[in-house]
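Hi,

Here is the structure I promised to send over.

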Amino acid sequence: MSRRPLGANEPRNPGMALEEAWFTGRAINRPAAERRAARLTSGRSVKKEHQAAWLLNALRCIDLTTLAGDDTGARVKRLCARARQPLDPVIVTALGLEEAQIRVGAVCVYPTMVRHAVAALQGSGIPVASVATGFPAGLMPLPLRLEEIRYAVGEGAEEIDIVITREHVLTGNWQALYDEVAAMRAACGAAQLKAILATGDLQTLGNVYAASMVAMQAGADFIKTSTGKEAVNATLPVGLTMVRALRDYHDLTGHRIGFKPAGGMKSAKDALNWQFLLREELGLAWLDPGLFRLGASSMLGDIERQLMHHVTGAYASAEKLALA
Ligand SMILES: O=C[C@H](O)COP(=O)(O)O
């Protein structure tokens, strides 16, 4: 059903018993994380063909998202049409991509919109991701949150973006966090579980590291920064903390877990910066839709704009390109 990280030979994260020794007492120096994140991205630019290649890679890693209270079947269908054909034909022809089947990583919607997305994406191979578990706050009884996962999977979602109970992190109740994520993973069945940590609510980078580790120990297939609804969403210092947890978990268990920054990312430059962070910290193998997604409702438009500039030498006006 779902695509497995790095192909069929890489087994799914089975999870493990809660091992608090892997994260307790791990203080993370915020100024140092901020300096490292700034160094990773400042003064780094890639030009011309290289930039186009990085932008195309970002495009295939995008979870093209609509998560608005006024979402409708018609809006989701339009988004899916965009997911199937994310680039203007002028760009596709100029870059010789007619046979390349350029498409996004997934389309991400609310549970009641899943059926519209599944119908619109039929035959495309693009998976539908659904948020669930009382997104975005998650403050619903656990049985209802688990039922919401089963509903979304039943509607055809192949990926489930769950939210965690922030209180468990803020009170250091790691067992409760572990238990809820493990129960959510079981409810997902074959669908991939992406654990949204809502890092803007977690107060310290030590908490971000610990929550990342607990989610992975409980069997998460991806860890994701944010819902897009917190006051602070995806930031590079937080991302750095999470990818260090990914690296440590890989070193300790041999399992590669996916990473999804999400929320507030709008520009092609954002897409490049997040990829630079992963390349430097985890290596190129992680820059694949099986292990990396960019959760964004409005980033595709700027990527397309930059690619149009690359192939024509001029920026197209917003009206000429369909802005996602
Ligand atoms: O998971 C994806 C996010 O909700 C998208 O957030 P955004 O609307 O700020 O791009």
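Predicted model: local features only at pLDDT ≥ 70, side-chain atom pairs only at ≥ 80, totals over all residues.

The protein has twelve helices and eight strands, and its C-alpha atoms fill a box of roughly 55 × 45 × 40 Å along the principal axes. For 324 residues, a compact globule would have a radius of gyration near 20 Å, and the 19 Å found here agrees with that. Buried residues make up 49% of the 324. Of the contacts with a separation of 6 or more, 77% are between residues 24 or more positions apart.

Helix 10 is worth a look. It covers residues 236-253, and its end C-alpha atoms are 25 Å apart, in agreement with the 26 Å that 18 residues should span at 1.5 Å a residue. Its buried residues include the run from Leu236, Pro237 and Val238 on through Leu246, plus Tyr249. Arg244 is one of the buried ones too. What do they pack against? The buried residues of helix 10 meet helix 1 (30-41), helix 9 (205-217) and helix 11 (268-282), along with strand 6 (222-224) and strand 7 (258-260). Just after helix 10 comes glycine 254, with a positive phi of about 85°.

Now the ligand. Around it sit Thr65, Leu67, Cys108, Thr227, Gly228, Ala262, Gly263, Gly264, Gly295, Ala296, Ser297 and Ser298. How many of the residues in that shell are charged? None: the shell divides into eight polar and four nonpolar residues.

Cheers

Key:
Residues numbered from 1 in each chain as written. Near = placed C-beta within 6 Å. Nonpolar A, V, L, I, M, F, W, Y, C, P; charged D, E, K, R; others polar. Helix = DSSP H or I, 4+ residues; strand = E, 2+ residues; numbered from the N terminus. Expected span 1.5 Å × (residues − 1). Buried ≥ 20, exposed ≤ 12 C-beta atoms within 10 Å, placed from the backbone. Contact = placed C-beta atoms within 7 Å. Rg over C-alpha atoms; globule rule 2.2 N^0.38 Å.
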